[in-house]
Amino acid sequence: MGSMSEPRNDIDVSIIGGGIAGVTLALGLLSRGVATTVYERSESFREIGAGIGFTPNSERAMKVLDPRIHAAFKRVTVQNGTDWFMWMDGFTQGGGDAQSKGDKMIHKMYLGERGFEGCHRADFLDELMKMMPKDTIRFCRGLDTIDELGGNGRVKLRFADGSSSDTDVDEPASHPNYTHKYAFRGLVPMSAARPVLGLEKTETRHMYLGQNGHALTFPVAGNHLLNVVAFVTDHNDWPFPDKFTAPAAKAEAVTAFAGFNSTVRAIIDLLPDQLDKWAIFDTHDHPPPTFFQGKVCIVGDAAHAAAPYHGAGAGFAIEDGAVLAQLLDTARSSIDAVGVDRSSAISAALEAYNAVRIERARWLVESSRFVGGMYEWQDTTIGSNAAKLAEEIEWRSRKIWDYDVEGMMREASGEFEERLEPLLPSKTPAVIAS
């Protein structure tokens with residue numbers, strides 16, 4: 001475990017829910033000496049899904065949040081064979097087998113050197129957990145209620161097991177809604193994928209678009225596995241209210257993509273016979289009006305659960321964490337340095353966080369919902385028109401990838417200072433009698 005600043009007791013932060021978002025925020029806070037505890041309802045941390053990728057803005061935010069997070073990601077990531085992201089027509093029949101080069105390209109974007117690389121979620125989380133002090137994690141703690149504690153600005157967390165804890169800042173999770181799309185997800189051994197698809201289609205990220213479905217592939221696990229995510233539109237309601245996944249047979253995926261071209265059909269044929277299908281939920285229809293209330297603050301999916309079509313949800317959670325960790329550290333310093341009371345300093349930090357993050361995060365939710373329909377040729381003004389698809393892909397991706405993370409941090413500092421100014425103790429002018 002790397003060294004960390006010794007936490008002081010000026011501010012206590014409780015994070016409800018682990019996973020990548022919760023653990024990275026905790027690491028950022030602990031590295032700044034902010035006392036932090038993570039409460040997880042399960043017996044251990046477990047990441048949902050298989051592969052995960054981080055866009056260039058996410059990597060810049062990792063370095064701000066805690067450089068060790070970025071180093072951990074690079075230890076488990078897979079370097080793409082090329083630094084290009086390819087969007088392909090996966091529906092039009094081009095003739096030939098899956099290795100043929102006859103598939104129509106819709107758009108390609110340069111990712112930057114080693115940009116938008118992927119890894120296995122569990123591998124990344126394992127690396128992060130190696131840096132977490134054991135006494136900062138409480139397992140089997142499902143949150144039940146949150147109560148305000150009088151006028152001292154603190155809140156009491158009550159858990160399902162009957163235990164409780166007092167804290168200054170809480171970060172709970174929320175529950176978004178079904179988008180009427182789900183994904184078949186699977187990991188295919190590269191030894192099986194490459195003979196069928198060839199090197200070019202397995203060494204970097206490919207997105208295959210088509211009518212009412214689309215599929216994403218990219219290498220993970222040291223280039224030993226090909227991550228496959230195949231999305232389909234579902235006109236029914238999700239039948240499992242208490243879970244986001246359900247068992248599925250490969251035959252379902254084969255049927256769903258039967259009308260796609262030979263490349264996509266070959267990708268689906270590579271999947272194992274028994275699959276899971278993953279419901280796509282987001283906060284598009286019912287976004288939270290604010291990212292904080294009192295001393296309760298939401299980040300990541302709790303604040304802005306987005307469909308995964310931009311591959312940016314986890315990265316935006318890292319951006320959230322970078323802002324929140326800096327602001328809470330600055331709030332703590334203001335308590336020490338200028339005598340602002342703790343409750344007011346924390347409130348100023350959470351207000352500043354909300355001001356900086358809410359607009360960009362809401363845009364991601366909205367754009368992700370739009371892109372999911374566009375990739376499946378459901379937008380009536382764009383359809384399968386390659387030029388229009390490319391134009392939308394380009395500007396939306398650039399808005400995510402090229403984001404000025406350092407500028408975000410400067411904005412956060414400015415927002416906090418603006419709110420701090422009225423809280424500073426008044427200075428009584430000296431009166432000189434003559």
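This is a predicted model: local features need pLDDT of at least 70, side-chain atom pairs count only at pLDDT 80 or more; totals for chains, interfaces and linings use all residues.
**Exercises on rings and a buried strand**

Ring pairs link Y178, W238, F240, F244 and F281 into a cluster; rings of Phe, Tyr and Trp (its six-membered ring) pair if their centres lie within 6.5 Å. Residues are numbered from 1 along each chain, and side-chain values use heavy atoms, without hydrogens and water.

**Exercise 1.** Work out how the rings of F54 and F73 are arranged.

*Solution.* Start with the method: a pair of aromatic rings is described by the distance of the centres and the angle of the planes.
- The centres of F54 and F73 are 5.1 Å apart, with 80° between the planes.
- Planes under 30 degrees apart count as stacked, over 60 as edge-to-face and the rest as tilted, so F54 and F73 are edge-to-face.
- F54 lies in strand β3 and F73 in helix α3, so the pair ties together parts 19 residues apart in sequence. (Helices, H or I of at least four residues, and strands, E of at least two, are DSSP runs numbered from the N terminus.)

**Exercise 2.** Decide whether each face of strand β3 is covered or open.

*Solution.* Take the two sides in turn.
- In a regular strand the side chains alternate between the two faces of the sheet.

Technical notes: Buried means under 20% relative accessible area, exposed over 50%, partly exposed in between (1.4 Å probe, protein chains only).
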